[in-house]
Amino acid sequence: DLDPTSLTPRTHLAAVLVLGRRYRDGITQWESCIELGANQINTFRGLSKAYLYVGDTTKALEYARAAQSRALGHAADEELKGDVGDVLASTGYHAEGRALLEALILRYRSTGESIA
């Protein structure tokens, strides 16, 4: 309320709303962040998951792709691939989602890192 243009509190509020299963309220918050100029990967990623939870697979896929396009070479890229793979598989793009997830599994097996 003190700084209505501050994006960080808005994105945190959106995440908390979605965790509380108030998906539409979370979507509203994340969309207001985009209107304020947020171009952050996690904003699009959160919107993708929230839309998936409310059953809007078209929007879920749109925002998953938007997050993915912003993440190339970014540190969060690997984690995002898992989310995008989940959205793809959940929206009917089974082969593409499976390919992303299998690539992640191979990566972790080859590096010896834990998947969990």
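How near do the axes of helix 1 (residues 7-19) and helix 2 (residues 23-35) come, and at what angle do they cross? The views below start with the whole chain and then come to this pair.

**View 1. The whole protein is a predicted model built from 6 helices and 0 strands.** Helices (H or I, at least four residues) and strands (E, at least two) are DSSP runs, numbered from the N terminus. Read along the sequence, the pattern is α-α-α-α-α-α. Of the 116 residues, 35% count as buried; buried means under 20% relative accessible area, exposed means over 50%, and partly exposed lies in between (1.4 Å probe, protein chains only). Contact means heavy atoms within 4.5 Å. Among contacts between residues at least 6 apart in sequence, 42% join residues at least 24 apart. Residues are numbered from 1 along each chain as its sequence is written, and side-chain values use heavy atoms, with hydrogens and water left out. In this predicted model, local features need pLDDT of at least 70 and side-chain atom pairs count only at pLDDT 80 or more, while totals for chains, interfaces and linings use all residues.

**View 2. Helix 1 meets helix 2.** Here is the reply to the opening question: the two axes come within 7 Å and cross at roughly 160°. Axes are lines fitted to C-alpha atoms, for helices over the stretch in contact, and angles run from 0 to 180 degrees between N-to-C directions. Angles under 35 degrees count as roughly parallel, over 145 as roughly antiparallel, 65 to 115 as roughly perpendicular and the rest as oblique. Helix 1 and helix 2 are therefore roughly antiparallel. Their crossing is left-handed, a term for a near helix turned anticlockwise from the far one by less than a right angle, with clockwise giving right-handed. To trace the contact, look in helix 1 for Leu7, Arg10, Thr11, Leu13, Ala14, Ala15, Leu17 and Val18; they meet Tyr23, Asp25, Gly26, Gln29, Trp30, Ser32 and Cys33 in helix 2. These residues divide into 9 nonpolar, 4 polar and 2 charged. In that count, Ala, Val, Leu, Ile, Met, Phe, Trp, Tyr, Cys and Pro are nonpolar, Asp, Glu, Lys and Arg are charged, and the others, Gly among them, are polar.

View 3. Side chains of opposite charge can pair when their charged atoms come close. A salt bridge is a side-chain nitrogen of Lys or Arg within 4 Å of a carboxyl oxygen of Asp or Glu, and the structure holds 4 of them. In the one shown here, the closest N and O atoms of aspartate 25 and arginine 22 are 2.9 Å apart. Aspartate 25 is partly exposed at 35% relative accessible area, and arginine 22 is also partly exposed, at 47%.

**View 4. Helix 3 and helix 5 pass in a left-handed crossing.** Their axes come within 11 Å and cross at roughly 25°. The two helices are therefore roughly parallel to each other. On the helix 3 side, the contact is made by Ile41, Arg45, Ser48, Lys49 and Leu52; on the helix 5 side, by Glu79, Leu80, Asp83, Asp86, Val87 and Ser90. Sorted by type, the residues of this contact are 4 nonpolar, 2 polar and 5 charged.

View 5. Arginine 45 and aspartate 83 meet in a salt bridge with an N to O distance of 2.5 Å. Arginine 45 is buried, with a relative accessible area of 12%.

Lysine 49 forms a salt bridge with aspartate 86, the closest N and O atoms being 2.4 Å apart. Lysine 49 is buried at 15%, whereas aspartate 86 is partly exposed at 31%.

**View 6. Serine 48 sits in helix 3.** Its relative accessibility is 2%, so serine 48 counts as buried. Not counting residues up to four places away in sequence, serine 48 touches Ala60, Tyr63, Ala64 and Val87.
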